[in-house]
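Let's take a friendly walk through the aromatic rings of this structure. Have the sequence and the 3D view open as you read.

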Amino acid sequence: MEFSIIAEIFERMENTAKRIELTNLLVELLKKTPKKIISNTVYLLQGIIRPNFEGVELGVAEKLAIRAISKSSGLSIKKIEDDYKKCGDLGLTASNILKLKTQTTFTAEKITLERVYETLFRIAKLEGKGSQDLKMKYISSLLNDATPLEAKFVLKILLGTLRLGIAENTIMDALAIAFTGKKENKEQIENAYNVSSDLGKVSLLIATDGIDEIKKFKISLFSPIRPMLADRVKSEKEAIKKMSKIFAAEYKLDGERVQIHKNVNEVVLFSRRLENITQYYPDIVENVKKSLSVNEGIFEAEIVPVNENTGEFLPFQELMHRRRKYKLEKAISQYPITVNFFDVLYFDKKDCLNLEYSERRKILEKLVNEDDFSKLVPMLLVKNENDIEDFLENSINSGCEGLMLKTLDAPYRAGARGSNWLKLKREYRNELGDSLDLIVIGAYFGRGRRTGLYGTLLLGTYNPDKDNFPSVCKVGTGFTDESLDQLYQILSNKITLKKNSRVVSEMEADVWFEPELVLEIVASEITLSPIHKTGLNLIRKGSGFALRFPKFTGKIRYEKAVEDASTDEEVLTLYKGQSKFSQVK
Ligand code: ATP
């Protein structure tokens, strides 16, 4: 299929914000797409090359793209940077520059979607010495044959800046309409997506075999299931109101969530974001071969660092040592962990998602052979506030964050946040009642001991309606020397020449970042602010929300995507939950 077809539809999508129009354009595109490239087209719509859990990442930096534009246009890097500084979008720059070029030379053969996809895939697979030069060659060869409009979208896909305003939800609406004629069939498509996390695979199936096959869609090992999430409650009383007569309370451990897929030959571990994290935990791979008595299974657990001598849970941050390249072996012996099982989603050809919680727990107790490494999350049946309070106390004393409360007869709802799971935390440190997960959007250079590092970070929330990141506070406390160092290393790879077009901030920063990193922050209260843009106009015209006395807890939430960060709605709820006294201060 000619790439110009998709580029033209993308252009029309960029010019509308109406969901109905976007859906119609998507339907038009899906119908025009030959079946054999439907999966790849859907991945590109999601801004990816392969489903996220396969870890195929493009890894193209702005600098490299600028070099490629320069090579294929013959213009200097400086000229290209100047245009980019003016328009703030390298896709547009590529298009502007190629417009100049097409006046003098004529373009060669037409590019196809297949060729674009294949080139992107090759670029993603390149690594090691000489890979940057090769990537540049591939990109400039595509640009040589592209029209300005095509170049714009090739660049946007490459840099991950394609923002068409279509969420996965809209793609699923369009798939239902295009291939079944009925929007209502989206529910079946969504179910299939929730248990496979692979929209490309689901699209191919619906396009070729229709809705009946989708209805029969099954869990498959090594394709992660989208996790079930919990609603938040503030007190035992609120929990009792929301739950039925008797329910389960489990310790809410403060670690890293893991989905374990196992057959007789292989174990694969997925994070909460469904990225493959097997490489960081060879000790889990070894241990679960013994501790899980199944041939095949999918389990959920929380990985928690422990003190080997006392068995006490240690802070979550200790897990970060696992992420350091070359030091993994040392980390495994110095920072031991336990794996604490809380759910079973599948075992030996049996899908457990539709089983009630109480039944899944029974199965789990049978299948997990507890030892010093593999454990079951402590659970108690509770029915009143006192029961919850006592169990919460025990959980906090063992170093946990609080409790997870679970309805006994509820199934596992993949990909859904709902009230069948409630989380009750006791955050002593945090007067707001809960922490926030905020996105690093910019930074200011440090002074004194922090010279040469970032001393203060500018943070934002996520606004799902606008798909952007409005600022909410600057944070300069809670950092240790080690964490400042670590953040500097991580953030230096995310610097952008200009403020990202999705960042909304009136404040200027010394450096701007690609919004990718999420940090956990506590604060004493939320106030109205004339400067920050989170929740702008929600309470008062011209005012947004700001955090007072924000503090980094030490947790880098690398298991969260920026789209999972705290939203302006969540900040609004916390603001409203404060006492009247603190709101008028
Ligand atoms: P939080 O910021 O509170 O960790 P979250 O957005 O990551 O929240 P939630 O669904 O709100 O996810 O909270 C559930 C998280 O708590 C899970 O992702 C998991 O990592 C962790 N957890 C700890 N203990 C349990 C448990 N017993 N059952 C389920 N999840 C648990």
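Helices here are DSSP runs of H or I with at least four residues, and strands are runs of E with at least two, numbered from the N terminus. The model is predicted, so to speak of a local feature requires pLDDT of at least 70 and a side-chain atom pair pLDDT 80 or more, while totals for chains, interfaces and linings use all residues. Residues are numbered from 1 along each chain as its sequence is written, and side-chain values use heavy atoms, without hydrogens and water.

Now to the rings. Those of Phe, Tyr and Trp (its six-membered ring) pair if their centres lie within 6.5 Å; planes under 30 degrees apart are stacked, over 60 edge-to-face, and the rest tilted. By this rule there are 13 aromatic pairs. One of them joins Y117 and F121, which is stacked because the centres are 6.3 Å apart and the planes at 20°. Both residues belong to helix α7 (residues 113–125), where a spacing of 4 residues puts about one helical turn between them.

How covered are these residues? Buried means under 20% relative accessible area, exposed over 50%, and partly exposed in between (1.4 Å probe, protein chains only). Y117 is buried at 9%, whereas F121 is partly exposed at 28%.

The rings of F445 and Y454 form a tilted pair, because their centres are 5.7 Å apart and their planes at 35°. F445 is partly exposed at 46%, and Y454 is buried at 4%.
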